[in-house]
Amino acid sequence: MSTTPADSVRISARAAAGSYLTDGVTLRSWLLTTDHKRIALLYLGSITVFFFIGGVAAALVRLNLVVPQGLLGSAESYNRLFTLHGVIMVWFFLVPAVPVTLGNFLVPLMLGARDLAFPRLNLFTWYLFIAGGAITLWALFVGGIDTGWTFYTPLSTMYSKGHVVMAAVGIFISGFASIATGVNFIVSIHRLRAPGLSWYRMPVFLWSIYSVSVLLVLATPVLAITLLLLAAERLFHIGVFDPAIGGDPLLFQHLFWFYSHPAVYIMILPGFGVVSEIIPTFSSKSLFGYKFIVWASISIAVISFFVWGHHMFVAGTSVYSAVLFSILSYLVAVPSAIKVFNWLGTMHKGFIRFDAPMLYALGFIGLFTIGGLTGLWVAALAADVHLTQTFFVVAHFHYIMVGGMVSAFFGGLHFWWPKITGRMYPEMWARIAALVMFIGFNFTFFPQFILGYLGMPRRSFSYLPEFQVLNVFSSAGASILAAAYLLPLAYLTWSLFHGERAPANPWGATGLEWQTASPPPTVNFVETPVVTCGPYAYPPPETVHQRNV
Amino acid sequence: MSSTVAHGFQYESASYQAQTAIAGMWLFLASEVMFFGPLILTWIFSRHWNPVGFDAGGRETDLSIGTLNTFVIVTSSCLYALGVQFIRQGNVRWMILCCSATLVLGLVFLALKFGVEWPEDIAHHLFPTAAHFKITGSTEGGARLFFIFYFVATALHGVHMVVGIGLLLWLIRRAGRGDFSSGYHTPVIVVGIYWSFVDVVWLTLYPLIYLIGRGP
Amino acid sequence: MNAGMIRVLLVWGLLIFLGGTEFFATDLPFERCWRPLIMVPGVLMVLVVVIGLMEVRKGPVIVRAFAVAAMFWLFVLLALGSADPLTRTNHYVPDAHVK
């Protein structure tokens, strides 16, 4: 390849006066904006708030677990805390995180478009999200719920004394934001690609957003109807899940997990997309096996609908059903593994730079791999009988969600921070935060694998004294992790005012978003770009080495 | 034609935007299929575990109102499609007439279902949480489950229909103001797709509620 | 009265016919487990509405793709979701009673 990334796109490089940040300074211009970039920032502020609320709940959970009898003294409080933590982190942080912030900001830019297909719908989704979040927070704080984020019947329908219906209403409302966002992304990717941007020239991030959007559109409605039935059962005692009149409590679990398993892929797929953008940039090398990664994303989205039964191995379904779901769960691990190998293949013989985004991406690869492999252990029926409902499962999904997804989110935030804000963050602090996060994370969650293996149950405010040492380790690690999350809050905020001004392409990356100014003008591109070659058009490794030594 | 119609700044033409809006509505309807789908799964589970009782409940439904409503909604959908044909030709007056007829039939449907059928069912002690349910004995549980499905499904379908009626009112108002022509009538098409979907949901519910339980 | 309007009238006629078929099929002596087959004319009616009235033929290709996807995923939900009740044995508890 003899052309540089900048040559691959022919646009007029005339800088427009001002950017989307300065285009209107009133509160009204922000709250009534239809600019996808501003909406992304509205969302970023909101999910940051939710992240810290969920984080405080996690801190209190870990605080409770430093002594075997439970430091907070009350099982009720503990139950409400882990439920708050789960509900907020799942629906108000992890599910929206990358799609509504980085996705909203970057999808039109990466498509070479001026906005999404339905900009007013986009703004409406933010208001739905805030309304749903406010209602759920109110339910969680005015008394809370003790059912866990999974709301299993009959506890949630008959015996729980918490504000189940209110929380269900809040989550229901925010679900519409998810569906509408998914519709917007899918339609935009189909209909608004710039001239020359064929499907196989799109960056992997767009393919990931597309896959996530399929899940958002098709799985979230199942959650909506499930929450409706749950609320109806609780309010009117209708009994569709009540065995006393012939209803089936397992029906709730089927309906709940039919959504919630794809939901965990909703949470992780955008992380794959982010990492797939970071690794080629900081290896100065084209993504290895582009089509494999693309079809792996699509396969993960499709197969994720077929595996929900693995959450129900000990619930009472038949062994034939369990075997079927176990096999399908092994199948879904394959495309994820393909991606990991392709990322490693990208780095091989590349010129690797260890900027903060790359540190987060490398942490992602390691931690996600551990999380993914331990998923295979719990997908094995015989092993799951012992590991289910223990801390092993808790550690498994936190390795993926926190070690994986949160790392990817922070990596993406740092990677695109110059583009979004027009400022560089302080690199040294960012690297320190990434390392502290990696260390704190492992300190917190690795002991939990051992605890689970030894038999410590999850969702229990007290435990047997022999588990105390590992619990103390884990809680100590949590305090390190908390520091690692507070650091970026501090230095990223600082960079908004004092950070170095960023050029259009500080990383030397490919991609249409880097061909426009940092921060971009409101219309994104002064002239619609024309794409003439594939993504990741980096020069071959040999020329890079000659250029950089 | 399309060069004189305004369109969003991210679209290359008005007709491209119109086609995009149709695609967006269809994708939204795909999500609606997955919203009603679990209700069908609930029907399957409930009937599977309580076959005799479930069908016993099914026999208590009012077949004449149900069948009449099916006729009403199918006709409303076809009348609306006629309206779309009229506006394609630029005939705003007849389009408004067809949409109004659709609206009236929609109101007839709602009146029959919630004004006649539901009160009748409740009066016959068929509400699933009633203390003295009409059917007692070993089939009571299954029958209650049937009526849970019946009330939940028809309520949700009714909500969607009310939204559709709101959309029809909005359309008729806009058409009256002269917003639509043969060159631009995208909202008319998009609302029509939604209304036909509400029809499709009913066509699925009708046999599940009124026919399958009624064996000889 | 153009070709499009005639098509709508034909669609209406077909729907009434299929509805009638479904209605009278109720009286056929199916066994309880086969009675859901009564849905077949109902499903055909759904297809007629989708193809005849919902712009699937006129719109861009993705409209057809979305319609097919919706049907496919509904099928997955119902089929894989039925795997559990079809393979599970519920052990009847003799003293269970309805309140």
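**View 1. Pro154(A) sits in a loop between two helices of chain A.** The loop runs between helix H5 (119-141) and helix H6 (155-159). Helices (H or I, at least four residues) and strands (E, at least two) are DSSP runs, numbered from the N terminus. The peptide bond from Thr153(A) to Pro154(A) is cis, and its omega is near -5°. This is a predicted model, in which local features need pLDDT of at least 70, side-chain atom pairs count only at pLDDT 80 or more, and totals for chains, interfaces and linings use all residues. Residues are numbered from 1 along each chain as its sequence is written, while chains are lettered from A and ligands numbered from 1 in the order in which they are written.

**View 2. The loop between helix H16 (468-498) and strand E2 (530-531) of chain A holds Pro519(A).** A cis peptide bond leads from Ser518(A) to Pro519(A), with omega near -10°. Asn524(A) belongs to the loop between H16 and E2 too. Its phi is near 70°, a positive value in a residue other than glycine. Asn524(A) has 25 C-beta neighbours inside 10 Å, so it counts as buried. A residue is buried if 20 or more other C-beta atoms lie within 10 Å of its own, exposed if 12 or fewer, and partly exposed in between; C-beta atoms are placed from the backbone.

**View 3. Gln389(A) lies in the loop between helix H13 (381-387) and helix H14 (391-421) of chain A.** Phi of Gln389(A) is near 60°, which is positive, and the residue is not a glycine. Gln389(A) counts as partly exposed because it has 15 C-beta neighbours inside 10 Å.

**View 4. Chain A has 17 helices and two strands.** Its radius of gyration is 23 Å, close to the 24 Å that the globule rule gives for 549 residues, so chain A is as compact as a globular protein of that length. The radius is taken over C-alpha atoms, and the rule is 2.2 Å times the number of residues to the power 0.38. The C-alpha trace of chain A spans about 70 × 45 × 45 Å along its principal axes. Of the 549 residues, 58% are buried. Among contacts in chain A with a separation of 6 or more, 85% join residues 24 or more positions apart. Two residues are in contact if their C-beta atoms, placed from the backbone, lie within 7 Å.

**View 5. Helix H2 (residues 51-58) of chain B is largely enclosed by the rest of the structure, because six of its eight residues are buried.** These are Gly53(B), Phe54(B), Asp55(B), Ala56(B), Gly57(B) and Gly58(B). Their cover includes helix H1 (14-49) and helix H5 (140-176) of chain B.

**View 6. Chain B meets chain C, with 45 residues of chain B in contact with 44 residues of chain C.** On the side of chain B, the elements giving two or more residues are H1, H2, helix H3 (63-88), H5 and helix H6 (186-211). H1(B) gives the largest share, 17 residues. This side divides into 28 nonpolar, twelve polar and five charged residues. Ala, Val, Leu, Ile, Met, Phe, Trp, Tyr, Cys and Pro count as nonpolar, Asp, Glu, Lys and Arg as charged, and the others, Gly among them, as polar.

**View 7. Chain C has three helices and zero strands.** Its radius of gyration is 20 Å, whereas a compact globule of 99 residues would have one near 13 Å. Along the principal axes, its C-alpha atoms fill a box of roughly 65 × 35 × 25 Å. Buried residues make up 33% of the 99 residues in chain C.
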